[in-house]
Amino acid sequence: MKELSKQDLLHLYRSLIRTRKFDQLNVRLAAEGKLLTFYHSAHGHEAVGVGASSLARDDDYLFIHHRGHGLPYSIPRGIDPKSCVAEHMGRATGWGGGITGFHAVDKEKGVLSSAGTIGSGFVLSAGYGLAAKKNGRGQIAFCFSGDGGVQRGQFHEAMNLCAAWKLPVVFVVENNGMAWFTPNCDTTAVEHVADLAKAYQVPGEIVDGMDVLAVYRATEKAVERARKGEGPSLIECKTFRYRPHSEGRPDVSHYEPRSKEEIASWMERDPVRLFEEKLLKKKVLTAALIEEIAREADEESAAAEKFSFDSPFPDPARLPDMVYAP
Ligand SMILES: Cc1ncc(C[n+]2csc(CCOP(=O)(O)OP(=O)(O)O)c2C)c(N)n1
């Protein structure tokens, strides 16, 4: 287990703050009708993507979850989030050249987007895990998914083969208890996704998804196991989405508004505030530094908004070159 330096802890904290500020920017732009696409906020989920993807190497492969449309997985890895905003505005400077709607892609850093059909990332990760094993360079595939995605058959196919072939895949499930308007208990009798993993002989660990360090430490173990050739692991992060499924939609469970008490009780465990309090106690953060980091992130997101508005739309003549070819 790596000892985390002050610099490492501040990197995690800055990544959480920048993720939240860019998420808030996208939420506002969606409300103002300035995005050309929809937006699934990551508010509440930030610690999962930030904690787990901080452990990826540039040559690893990442299939990400749709919350935050790439922000929690890209920001800690040094990818400039202004490309996220530009992509949502359909600009050529976006991370998909302005044509993907919302998909985050960065081939240099191994970010291979999220699946439009949720749950499809499981089998793609198994395929990349197989490639990684054959490459023999210690690469791994990360697969992020929601609990709703787990209800698809691909989850089981991927678990089975990854376990049988000891593929280097780290599955991170962001379990917020809901899939769109449907609570989990309507679609499965299994409360913990980690139990499903165990059925396939894949180690499954449940962690507090509001605690960035808990996510980081569990991922660290899974990554070590995968790089040593010992096979896949699954980390189930219990988390909560503070906003509706996507911006502008009713925030309901079935047809009833979600419980205000439940939202308030999870708000007490806000992942950004929890980590801030921890770092203040450890004297890694001071009030002045908190203010400085927040100001920098505000300035960065304001600059990203301007950059995106000022960027050109993609040239239609170039569209044929932008279609993916292996
Ligand atoms: C195969 C498929 N079915 C349905 C949808 C529509 N859809 C998009 S997100 C979503 C809910 C996903 O729930 P979960 O995986 O738990 O993630 P969450 O949105 O709760 O973070 C659904 C049903 C889809 N994109 N793909």
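Me: What makes both faces of β1 count as covered?

Reply: Tyr61 and Phe63 on one side of β1 and Leu62 and Ile64 on the other are all buried. A residue is buried if 20 or more other C-beta atoms lie within 10 Å of its own, exposed if 12 or fewer, and partly exposed in between, with C-beta atoms placed from the backbone. Strands (E, at least two residues) and helices (H or I, at least four) are DSSP runs numbered from the N terminus. This is a predicted model, in which local features need pLDDT of at least 70 and side-chain atom pairs count only at pLDDT 80 or more, while totals for chains, interfaces and linings use all residues. Residues are numbered from 1 along each chain as its sequence is written.

Me: How do you know that β1 pairs with β4?

Reply: Two strands pair if DSSP finds at least two bridges between them. Strand β1 (residues 61-64) and strand β4 (residues 141-146) run parallel and are joined by 3 bridges, so they pass that test. Leucine 62 has phenylalanine 142 as its bridge partner in β4, and phenylalanine 63 stands opposite cysteine 143.

Me: Why are β2 and β8 said to stand at the edges?

Reply: The open sheet has 7 strands in the order β2-β3-β1-β4-β5-β9-β8, with mixed pairing. β2 (105-106) and β8 (204-208) each have a single partner strand, so one side of each is left without a neighbour in the sheet.

Me: Why are the buried residues of α10 placed on the same side?

Reply: In helix α10 (residues 271-281) the buried residues are Pro271, Phe275 and Leu279. They cover an arc of only 60° around the axis, which puts them on the same side of α10; the arc is that of the directions from the helix axis to the C-beta atoms. Glu277 and Lys281 are exposed, on the face turned away from that buried side.

Me: What do the buried residues of α10 pack against?

Reply: They pack against α1 (6-31), α2 (46-53) and α8, where contact means C-beta atoms, placed from the backbone, within 7 Å.

Conventions:
Two residues are in contact if their C-beta atoms, placed from the backbone, lie within 7 Å.
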